[in-house]
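Please prepare a short briefing on the packing and sheet arrangement of the structure shown here.

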Amino acid sequence: MKRYSLVILLLALLLPAMLFAQTTGKLRGVVVDKESGDALPGANVTIVGTTLGSATDVNGEFIILNVPAGHFSVKGSFIGYRDVTMTGVVVNAGLTKEVNFNLPTEALEGSEVTIVAERPLVEKNATSAVRIQTSEQIEKIPVRGVANIVALQPGVVRQDGDIYIRGGRRDEVGYFLEGANTRDGVDGRDAVSVIPEALEEIQVEAGGYTAEFGGANSGIVRQSLKSGSEKYQFSVQAETDNFADPGEQFLGTHSYGYSDYTLTASGPVPGVDKLRFFFAGENEFRRDRNQRFWEGFDINHSDTYVDENNFPLVIDDLSARQEAQDFQTMIQQQGLHMRDNFTENALSERWTGNGTLVYDASPFIVRLGGALTFRRNQGDTFTNLPARIFNLENQTIADQSTALLNLKLTHLVNPTTFWEVNLNYFDKRNINYDPVAADRHNYFSYWDSTANAAQGVTFDRYFSPNVSPVGNTFTINRFTFNAPGSPAGYNKYKRGYFGGSFALTTQVKDHEVKLGGHAELNTIRNYAVGPRTMLTRARAFPDDFRDAYSGDEVAQDAWLVNMGMRKTYGYDPFGNENDIDGPNGARKPSRYSAYLQDKFELSDLVINAGLRLDIIDNDDFIITDLANPAWDNENSVLDQSKLQDKDPAVELSPRLGVAFPVSDRTVFHMQYGKFVQAPRLDQLYANNAWYNAIFIGGSSFQTGNVGNGLDPQKTVMYEVGFSQQFTDAAAFDITYFYKNITDQIQTERIVVDALSSAKGDYNMLTNGDFATTKGLELQLNLRRTNRLAGQINYTFQSAKGSGSVNNNSIAGLELGEAVPTVIQPLDFEQPQRGSVNLDYRYGKGDGGSVLEQFGINILTTFNSGHPYTLSEGNFGQQQASMAGQIGDPRDRRPLEQVNASLTPWNFQMDVRIDKTVDFGNLGVNFYAYVQNLTNRENIINVYSRTGNPYDDGFVGNEDLSSSLIASNGGDAFLAMHNAINLNGNGVNYSIDTGNYLLGIPRLFRLGVRLSY
């Protein structure tokens, strides 16, 4: 009852509301007589093409609130004076733009005056370091995608495909689009695709954000979509790398079958006054989405060992059955073949639509924003590429859709007060299935011999189905391969939320006061099944199957446990949605918050002070006595009568930012804030089958653990910085930050009582890890001068903590050793990281007919590598093909302090060139860009035995390797090991870690864009 009482109290205080992150900015300034400098009270200031505007006060000052992020023309007018229009005024979300007007008298000027505004190089009202990338900047750089752009900013690390900000874990980053939360609460990643051409701006706030933001401890990424234009605008864009056949080279690079087609349209809606639209649609296709350095191989069968490409291909432990012998002959005839830098049956296709619809009927404004995506990927994992070469047709297809809709109603009470209500809906769902099955979603047919026979696949065995006479997998020299026709798996999930918000903003003299609150109601479902196990068990226990299939909850509980379906909840054992109570039902976490914020602005002082209240209800329970858990052995379920509901966490978070604008060119800023964040939901939720596995089955998990009543993670962050414009065209910002992170998630060993229902000690997640991070960020901006513009970003960072991930201490726990309680470099610490972006281009009418509107952009990125620990270890029980990779952490012995070594420095140069030709109102832009121009093999990970990505330390260690080589095929085993694991391919490393050893190869793309 306590949980619901808190919710009701908050809703009563705040009205039915949900907080949306701010998507608008503010204009302020002064209007004066150009000659005398006297203030002009009552002058009108309007934003051209909108209903937004204000009149100046007795001091000639004006303020316009609720200005959408974007580019505008702003007009100042007064009776007896000529109008002055300032064009190219850029408004950024959450910031104040200063626009001052000097109006000439009618006697001095003969017509309206138009002035092109320059974007300030120093944001003098920003109380923290805010990194902004506008649509013009995004258009010119030689990379696509939000993550690639975010990775260039100071304080941001991108490693193994994940984003880390200021030393926080990857799941501590918040993502917002149009003010709505787009972070997937289950895995912590950004869940929504945004087309680069649809973006008005991207803001990266690395920890210094205000009280209206929550749910992210490291930083936030804010994305704003473009709004409709006054006049119709259209563009069509196409780019591709299809210049060579798969596996063949063109200009020193490979084709990956990439193509991208993008359409944008903007303007007024015909027949509906005051209604404007913006739409962007994109289709992206990749024949091979696994773009990586890969050294192919051609291995053919011969009766004796000839060389590393010709040797016996003999299936291990082959039976004498003729069918098995014939199968081996087929494999020998086919051989082992893979092409350089190309993965077959690894396609990806994505359809994305982004858009906004704005009805501006002042004093009411209605804005609808949306992002819809459908994505289809083939191949659910690329960690063991050779294993799939005989079974390419059955590579898993993953269909994923996401939908985000946001409806905002704004009422402009007067130029200095407005309120807004937001409603939003988010839905994400995914299904993985076998593409060969006649009915892809009938997983019972995957391993049914009759259904497969209709697809041309003949099973060797019916009851415990085998697709081949050697099994569903087989090994050659202990390297594993999937047999032809082996069906893929089946799983699905569905997650989403409904929300709404209310916020009131008013300007009281120099105070901008904002009060708001939010609610977010989630529903989470997950389904994971082994189709072969399901069919086999249904045949072996038909009565149990019938009882469970009929809907009997007790029978379904037992079926989940016996099937080992440990992460299925919100669905019954057969994939039907349910909303039952307890661990097997859908989970419905909710988030509530309220905030009060005051931005006080003077010419030489800006104070951003706020207080945030968070109520985090994870829809979770507590096992009160972990040493004697409430486990019902007879029914294989948690005894719900002995469980305690986890009370919602209630947290207050003060935020304070101060800026001292010494002048328009010099600003000191500092920030303090406390931040709280709920644990990822995959760290909270499992069903009775999972609890049975740890309490009764004696299972010990290295990954996939869940916690018991986990509390929010907390961060206290300090920041101090200095911005200086040192020439008319150049400025820098230098910022120092310090963070103290507590209550991060770690693994704990639970020792059970002798009389407990649990059969042995087990692992669970708990709060406990901590970290201290600090660093120095530098950003240098060069406004375009003599055709050159540029930006330099650099970060020097120290990220130390007791654990990089929640299972960092698993080996020590399993061996009964003490868990480390000292800080050490985190796995994702990159002590130095930076980028240099230079853009040189000729404008219209500049450079003659050849160079007019020609540009080149050069982006250079670098980083100093990340920590790892040189180690040695026993071979343990791992398969021989793992060779030098130490797969079981219990067998690993460090040769130095944890994470004392660094991987090598990385350098990459990307280049984009483009040329625009105008045909009346139609502009045609031809462009080409190259990523990793020098085709450098950047080392992103290494083997822990050697610190080298090309040598796993196996062959050179005869004590480790000699007996294994001799007993697993001798020279043939060695040849396969060298081809599959070495040369940077690193299959054994990928199987163990899920990551690659080398970065991306050179990618070349050519495109054209037509704009009207």
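Which residues touch the most other members of the largest nonpolar core? They are Leu336, Tyr443, Phe474, Phe481 and Met534, in a core of 59 residues. This is a predicted model, in which local features need pLDDT of at least 70 and side-chain atom pairs count only at pLDDT 80 or more, while totals for chains, interfaces and linings use all residues. Residues are numbered from 1 along each chain as its sequence is written, and side-chain values use heavy atoms, leaving out hydrogens and water.

**Nonpolar cores**
- A nonpolar core is a set of buried Ala, Val, Leu, Ile, Met, Phe, Trp, Tyr and Cys residues joined through side-chain atoms within 4.5 Å; buried means under 20% relative accessible area (1.4 Å probe, protein chains only).
- Phe481 is in contact (heavy atoms within 4.5 Å) with residues including Leu336, Phe390, Phe474 and Met976, leaving aside neighbours within four places in sequence.
- A second, separate core has 33 residues, among them Val143, Ile202, Val204 and Val221.

**Helix α6**
- Seven of the 10 residues of helix α6 (residues 531–540; helices are DSSP runs of H or I, at least four residues) are buried, so this helix is largely enclosed by the rest of the structure.
- The buried residues of α6 include Pro531, Met534 and Leu535.
- These buried residues pack against β31 (490–508), β32 (511–529), α7 (542–549) and α8 (553–563).

**Five-stranded sheet**
- Strands (DSSP runs of E, at least two residues) form an open sheet in the order β10-β15-β16-β13-β14, with mixed pairing; two strands pair if DSSP finds at least two bridges between them.
- β10 (130–134) and β14 (180–181) stand at the edges with a single partner strand each, so one side of each lacks a neighbour in the sheet.
- Strand β13 (residues 173–177) runs antiparallel to β14 and is joined to it by two bridges; Leu177 has Ala180 in β14 as its bridge partner.

Notes. Buried means under 20% relative accessible area, exposed over 50%, partly exposed in between (1.4 Å probe, protein chains only).
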